[in-house]
Amino acid sequence: FQAEDGIRDVAVTGVQTCALPILPPTAYRLLPTAYCLLPTNMVLLGIETSCDETAAAVVEETGDAARPWRARSSIIASQVDIHRAWGGIVPELSARQHVRDICGVVEQALDTAGRPPLEAIAVTQGPGLVGSLLIGVSFAKSLAWVYGVPLVPVHHLAGHIESLTLENGEMPLPAVVLVVSRSEEHTSELQSRLHLVCRLLL
């Protein structure tokens, strides 16, 4: 990874991944199957550690084009109390707490979902805090290797946008989406990393 300013993508290597630009998991469903060997109706585990929350969720495809995804579980371990005393997020403290939380969070997400057979594991690979991202990516890579399933690296901000489809179904296009980020670099990077035609408005 690169860490000149502390906010970079963490490279995902050494595990079977899709040879495509980084997209949110829902986007792969829209691509021809020749591009990526993920099952059509899949159940996947998502892991998120880009900043100060450790999160894991199990989602599955519904077969309903209007609402293609359903969350079977969603577990979040917050670090608000840890960072409150410092008046903001301390990256090193955040990374260390991810180490403490990630096993329990993923276990609880799998238990709540009934431990279904996983067909892919998705993980936030950036942008975010390098130390925090490294915990999630390393854990997800190991888990993907153990389960023998593909690893899907997810762009942090694209994931925020695509999460709208979980509750509201497919987003009619064209659309204007507001993403509030603490770094202008994050939002600018989003344009170049998506297949979708995106234009930065602000």
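**Contacts across the protein chain.** Among contacts in the protein chain between residues at least 6 apart in sequence, 69% join residues at least 24 apart. The model shown is predicted. Of the 202 residues in the protein chain, 46% are buried. The chain exposes about 10,900 Å². Carbon and sulfur atoms supply 58% of that area.

**The run of elements.** The protein chain holds seven helices and five strands. Read from the N terminus, their order is α-β-β-β-α-α-β-α-β-α-α-α.

**The five-strand sheet.** The strands form an open sheet in the order E3-E2-E1-E4-E5. Their pairing is mixed. Strand E3 (69-78) and strand E5 (151-155) stand at the edges. Each has a single partner strand, so one side of each is left without a neighbour in the sheet. On average, neighbouring strands of this sheet are turned by 20 degrees against each other, direction ignored.

**Strands E1 and E2, side by side.** Strand E1 covers residues 43-48, and strand E2 covers residues 53-61. The two run antiparallel, joined by six bridges. Here Ile47 has Ala56 in E2 as its bridge partner.

**Helix H3 on the sheet.** Helix H3 (residues 91-112) packs on the sheet. This helix touches E1, E2 and E3. The direction of H3 makes about 25 degrees with that of E2.

**Helix H4 on the sheet.** Helix H4 (residues 130-147) also packs on the sheet. Its contacts are with E1, strand E4 (120-126) and E5. The direction of H4 makes about 160 degrees with that of E4.

Definitions and conventions: Residues numbered from 1 in each chain as written. Predicted model: local features only at pLDDT ≥ 70, side-chain atom pairs only at ≥ 80, totals over all residues. Heavy atoms only, no water. Helix = DSSP H or I, 4+ residues; strand = E, 2+ residues; numbered from the N terminus. Buried < 20%, exposed > 50% of the residue type's maximum accessible area, 1.4 Å probe, protein only. Contact = heavy atoms within 4.5 Å. Areas by Shrake-Rupley, 256 points an atom, 1.4 Å probe, with all protein chains shown as cover. Pairing = 2+ DSSP bridges. Axes fitted to C-alpha atoms, helices over the stretch in contact; angles between N-to-C directions.
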